Amino acid sequence: MSTWFRPAGTAAADGYDVFVTPENAGWGYSSLRVLSSSRPVATGAEEMLVVPLEGGATVTVGAESFRLDGRADVFAGPTDFAYLPIWTTAQLTVEGRVALCGARTGTSLPFRYGPAADVPVELRGAGSASRLVRNFGTVDAFATGALIACEVVTPGGNWSSYPAHKHDEATDSESELEEIYYFEIASGPGGEPGFGYHRTSSSAAGEIDVLAEVHDRDTALVPYGWHGPCVAAPGSDMYYLNVMAGPGAERAWLISDHPDQAWVRDTWAGRAIDPRLEGRR
């Protein structure tokens, strides 16, 4: 198994379908757990967002509970979610599957509910680089100590995380952030498994070489380096959940485009967004 790419099932541990922690990732801040059963969750030094992937859940901390209505699947639209503070034990009653997006932080914030109706949804790119982004846990959308999270839907045949970009050094124009990609890929009409591709390559921050065929419920870790594109095979809609955190005192998502690919943004001017995304906004 690659350190930085973990096919479905290989990242399971401790009762979780996916169990990526700062310790087993070999880094300092970002985490992701995927859970398909009910259990107590102790956050420790991590804040967490509880995000339904399929079905709903009830999240209880002490005498306070939030009912998450969730959704049929990750392609169905935004979901409501809950925020778990550091040093908290929550009881999760899961009816389907939920993701717990986590980040180490010293900031203590209250247990909160995030309505689906308040999730900002944007369309990025154009033509075959069109994708839909749900910014439920981004800097301007929801307050956290360090955690940044969003969801991306890429229609079959399209490219996203493109141009390739990085955020692995602290400068005026770039944040230092570890990132997790958790993928779900739509099946064909007869249940045939869908697929796509993910790329991460070296930058001055470190050597890394990942070019992976991505299948449903695979996970990619990006400690540094240029990451992207993510490519959805024709007929295989691609979803990924991004989780980011880092050592910066300021919670910010600042990126640098790969110098060989940055020009592609100029080609989007005046071009239409893929019409398959308009109805999903």
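Trainee: Which side chains meet Asp257 and Arg265 in what kind of contact?
Mentor: The side chains of Asp257 and Arg265 meet in a salt bridge, 2.6 Å from N to O. A salt bridge here is a side-chain nitrogen of Lys or Arg within 4 Å of a carboxyl oxygen of Asp or Glu. This is a predicted model, where local features need pLDDT of at least 70 and side-chain atom pairs count only at pLDDT 80 or more, while totals for chains, interfaces and linings use all residues. Residues are numbered from 1 along each chain as its sequence is written, and side-chain values use heavy atoms, with hydrogens and water left out.

Trainee: Are Asp257 and Arg265 buried, exposed or partly exposed?
Mentor: Asp257 is partly exposed at 23% relative accessibility, and Arg265 is partly exposed at 35%. Buried means under 20% relative accessible area, exposed over 50%, and partly exposed in between, with a 1.4 Å probe and protein chains only.

Trainee: How many salt bridges does that rule give?
Mentor: The count comes to 16 salt bridges. One of them joins Glu23 and Arg104, with the closest N and O atoms 2.2 Å apart.

Trainee: Where do Glu23 and Arg104 lie?
Mentor: Glu23 lies in helix α1 (residues 22-25) and Arg104 in strand β8 (residues 89-104), so the pair ties together parts that are 81 residues apart in sequence. Helices (H or I, at least four residues) and strands (E, at least two) are DSSP runs, numbered from the N terminus. Glu23 counts as exposed at 57% relative accessibility, and Arg104 as partly exposed at 27%.

Trainee: Which residues form a network of salt bridges?
Mentor: Lys166, Asp168, Glu169 and Glu174 are linked that way. Within this group, Lys166 and Asp168 have their closest N and O atoms 2.9 Å apart. Lys166 is buried, with a relative accessible area of 9%, and Asp168 is buried at 10%.

Trainee: Changing topic, how many disulfides does the structure hold?
Mentor: The structure holds 0 disulfides. The criterion is a pair of cysteine sulfur atoms within 2.5 Å. For Cys150, the nearest cysteine sulfur is that of Cys101, 9.6 Å away. For Cys230, the nearest is that of Cys150, 11 Å away.

Trainee: Are Cys150 and Cys230 buried or exposed?
Mentor: Cys150 counts as buried at 8% relative accessibility, and Cys230 counts as buried at 0%.

Trainee: What about the whole protein, how many helices and strands?
Mentor: The secondary structure comes to 2 helices and 23 strands. Of the 281 residues, 56% count as buried. The C-alpha trace spans about 55 × 45 × 35 Å along its principal axes.

Trainee: Which residues make the nonpolar surface patch?
Mentor: Phe195, Tyr197 and Leu211 make a nonpolar surface patch of about 290 Å². Patches are made of residues with over 30% relative accessible area and no salt bridge; like charges are joined within 9 Å, and nonpolar side chains (Val, Leu, Ile, Met, Phe, Trp, Tyr) within 5 Å. Areas come from the Shrake-Rupley method with a 1.4 Å probe, and for residues only the protein chains shown count as cover.

Trainee: Where is Leu211 placed?
Mentor: Leu211 is in strand β19 (residues 206-214), and Leu211 is exposed with a relative accessible area of 63%.
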